[in-house]
Amino acid sequence: MNSFFDHISLADQMSRPSQKKPIFPVDDALRKYLVKYGREVNLPVTYRDLQRFTYTVPLKDKKGNDTSWEKVSYDMREWEFLRESLVRIYAILKTEGDMSFSKHLDVARIDFCYFGNSQPFRIRIVNKFNDNYDHYYIKQADASRVYGLELEHLLSPNRMTYFTNNATLIEEHIPGIPGDIFINEYLNNSNTNLIRLAKEFVKFNERCFVQLLGDMRSYNFVVNITPDIEDVQYRIRAIDFDQQSYEGRKNLYLPQFFKDNRPFVDIVQKHLDQSSIAQYQTEERTMMTFRLVSARYRMKELLDIMSGDQISKPEKLEQLKRELGAHFQNPAYFSKSKTMGQLVKRQLKQTLQKNLLLVPKMKNRQDD
């Protein structure tokens with residue numbers, strides 16, 4: 001198996017993911033899973049409703065630079081319907097549908113992103129009394145994204161709040177500093193603890209690979225900064241999940257390979273040695289194992305459904321089987337997978353099997 005430093009030397013040779021990934025519909029088996037675990041709810045607005053805008057205006061950032069977002073406008077009758085319904089959805093996300101606070105809230109703006117696969121709408125909700133605002137997203141319900149959100153919820157240190165309603169997906173906003181902005185504005189700040197940041201990038205890299213979550217270029221994740229005793233801690237969080245186990249190239253599931261992430265890779269190379277990297281990788285796999293065991297029945301349901309779903313193309317599946325087999329020097333093990341879901345199941349077993357063997361010795365820690 002190659003080391004992290006072997007990967008670093010190849011990072012700028014990385015090719016990009018597919019330009020356009022198809023939307024995979026949520027099938028009946030996945031829908032039943034979403035209903036069972038409270039993810040499928042009745043929503044007053046659908047993705048298609050939001051598509052009935054009349055015109056758009058390019059949205060610029062605070063510095064006057066163009067963004068990938070456009071502010072959308074609707075005719076007055078449509079707007080009044082949307083305002084009330086979008087506040088109700090916010091209540092579903094935040095207070096389980098309790099509308100007693102809704103008189104304080106209004107829709108300040110609706111933005112549309114023409115870039116990317118899901119083409120999301122971003123809803124800005126504002127508190128009319130103090131102007132504090134929050135966001136959430138309305139997207140097309142893509143099975144790949146749903147699987148990615150669920151795996152992130154069950155295996156990562158992050159809890160994901162989202163709901164589906166037929167072909168519509170609602171996602172809570174994930175706060176943080178976008179990775180590309182962090183590189184430009186924070187990475188070279190004298191207060192940034194590069195050693196702790198390097199450690200977190202190694203852990204994030206490991207999580208993505210174990211889960212087979214792809215396309216974690218810098219603008220697809222955020223960095224959270226938390227004050228700690230005499231210093232700060234960092235956590236890197238994925239914010240885009242539609243490249244869950246779709247691509248055929250193994251390296252697309254390792255953030256260290258993307259040219260956009262080269263500054264993070266450079267600080268790992270400068271501040272960590274191979275033994276430290278191996279330690280942090282083991283720490284992350286250990287925590288993922290505890291989460292896997294704690295949610296083992298739900299994970300089994302999800303992976304069984306995923307194993308019967310078609311969420312990639314046959315040629316991509318064959319390529320990823322070959323590349324994972326070569327990476328782990330065990331081609332026969334991965335060659336038996338007939339779907340990407342089966343490949344994810346085998347990937348989890350392959351990467352976490354050593355840690356799983358230790359779980360019976362630590363059984364008092366395996367429940368939430």
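Colleague: Where is Ile 239 found?

Modeller: Ile 239 is in the loop between β10 (231-238) and α8. Helices (H or I, at least four residues) and strands (E, at least two) are DSSP runs, numbered from the N terminus. This is a predicted model, where local features need pLDDT of at least 70, side-chain atom pairs count only at pLDDT 80 or more, and totals for chains, interfaces and linings use all residues. Residues are numbered from 1 along each chain as its sequence is written, and side-chain values use heavy atoms, with hydrogens and water left out.

Colleague: What does Ile 239 touch?

Modeller: Leaving aside residues up to four places away in sequence, Ile 239 touches Ile 174, Tyr 219, Asn 220, Phe 221 and Val 222. Contact means heavy atoms within 4.5 Å.

Colleague: And what does Ile 239 count as, at its relative accessibility?

Modeller: Partly exposed, at 26% relative accessibility. Buried means under 20% relative accessible area, exposed over 50%, and partly exposed in between (1.4 Å probe, protein chains only).

Colleague: Other loop, then. What about Leu 272?

Modeller: Leu 272 counts as buried, at 6% relative accessibility. Leu 272 is in the loop between α8 (262-271) and α9 (274-294).

Colleague: Switching to helices. At what angle do α5 and α10 pack?

Modeller: About 155 degrees, with the axes of α5 (residues 143-155) and α10 (residues 296-307) 11 Å apart. Axes are lines fitted to C-alpha atoms, for helices over the stretch in contact, and angles run from 0 to 180 degrees between N-to-C directions. That makes α5 roughly antiparallel to α10; angles under 35 degrees count as roughly parallel, over 145 as roughly antiparallel, 65 to 115 as roughly perpendicular and the rest as oblique.

Colleague: Which residues of α5 make that contact?

Modeller: Tyr 147, Glu 150, Leu 151, His 153, Leu 154 and Leu 155. On α10 the partners are Arg 298, Met 299, Leu 302, Leu 303, Ile 305 and Met 306.

Colleague: Is α5 itself buried or exposed?

Modeller: Of its 13 residues, 13 are buried, so α5 is largely enclosed by the rest of the structure.

Colleague: How do α7 and α13 cross?

Modeller: At roughly 135 degrees, and the axes of α7 (residues 194-211) and α13 (residues 340-356) come within 8 Å. That makes α7 oblique to α13. In α7, Phe 209, Val 210 and Gln 211 meet Val 344, Gln 347, Leu 348, Thr 351 and Leu 352 in α13.
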